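User: I would like to learn how to read a protein model feature by feature. Please give the general idea each time, then the case at hand.

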Amino acid sequence: GVNTNGQIYRYTGNSWNQIQTANGNRASAISCGADGTCWYATGYLVTKEVSPGNVALHTMKAFKKGDVISAIPTFPLTEKTKYTVQFSSTDHALVGFLQSANHSCAPNTFFDTTKMEVVALCPIEEGSVITFFYPSSELDMAEKFDCNCGAPECLGKVGGASSLSKEVLAKYQFNSHIVEALGLATASS
């Protein structure tokens, strides 16, 4: 079974390797499928290796719209990177296991950097991939990228909230530092 008591698991090569968690605990093996996909977990979220070197965050239970899925752990950095989340006009931080949450132009979660929570934007079925809209917390991305989320409303290129048109900005929820920087009408609640 999966230990969900805050432990993080990682499969590398053909064996499980214990890794340090943020609080210094050691993690141990959970499961690896015959197809080579492997899981490690913390709380109700697991990171599944979907192809060599590529992982995605999945749910281990269903969530309703508005449910808090996880707290956001932070490990502050002095500069932004492609792995950090922006928390204010000047602050960026690594977010631990949540780093495996992929971008989508049709996200199912919102990373609320005021309340430090990941919140479901819609009903999410058990086993679903967790996604969020990167510009909801990033004014300017450290590295712009071509989006391949496959959503009908896919933006194609993602470069941060400052690069979005007013029409696109009106369709999404943003964190307060983005709202303030862009002079938008409302912030997350």
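Predicted model: local features only at pLDDT ≥ 70, side-chain atom pairs only at ≥ 80, totals over all residues.

User: What share of the residues is buried?

Analyst: Buried means under 20% relative accessible area, exposed over 50%, partly exposed in between (1.4 Å probe, protein chains only). Of the 189 residues in the protein chain, 40% are buried.

User: How many helices and strands does the protein chain have?

Analyst: Helices (H or I, at least four residues) and strands (E, at least two) are DSSP runs, numbered from the N terminus. This chain has two helices and 15 strands.

User: In which order do the three strands of the open sheet lie?

Analyst: Strands of a sheet pair through backbone hydrogen bonds, either parallel or antiparallel. Two strands count as paired if DSSP finds at least two bridges between them. The order here is S7-S9-S8, with antiparallel pairing. Strands S7 (75-77) and S8 (84-86) are the edges, each pairing on one side only. S7 is joined to S9 (residues 92-94) by three bridges. Pro 76 stands opposite Ala 93 in S9.

User: Which residues have the most contacts inside the largest nonpolar core?

Analyst: In soluble globular proteins, nonpolar side chains tend to be buried together. A nonpolar core is a set of buried Ala, Val, Leu, Ile, Met, Phe, Trp, Tyr and Cys residues joined through side-chain atoms within 4.5 Å. The largest one has 20 residues; Leu 45, Leu 57, Ile 69, Ile 72, Leu 98, Phe 111 and Ile 130 have the most contacts inside it. A second, separate core of 12 residues includes Cys 105, Phe 133, Val 168 and Val 179.

User: Where is Leu 155, and which residues is Leu 155 in contact with beyond its sequence neighbours?

Analyst: Contact means heavy atoms within 4.5 Å. Leu 155 sits in the loop between strand S14 (145-146) and strand S15 (157-158). Leaving aside neighbours within four places in sequence, Leu 155 touches Cys 105, Phe 133, Leu 164 and Val 168. Leu 155 and Cys 105 are 50 residues apart along the chain, yet their C-alpha atoms are separated by 6.6 Å. Leu 155 counts as partly exposed because its relative accessibility is 28%.

User: How many aromatic pairs are there?

Analyst: Rings of Phe, Tyr and Trp (its six-membered ring) pair if their centres lie within 6.5 Å; planes under 30 degrees apart count as stacked, over 60 as edge-to-face and the rest as tilted. The count is five. Phe 111 and Phe 132 are stacked: 3.8 Å centre to centre, 10 degrees between the planes. That pair links strand S11 to strand S13 (residues 131-132), 21 residues apart. Both Phe 111 and Phe 132 are buried. Phe 132 also pairs with Tyr 134, tilted, at 4.9 Å and 50 degrees.

User: Which residues form the aromatic cluster?

Analyst: Phe 111, Phe 132, Tyr 134 and Phe 145 form one cluster.

Notes
Residues numbered from 1 in each chain as written. Heavy atoms only, no water.
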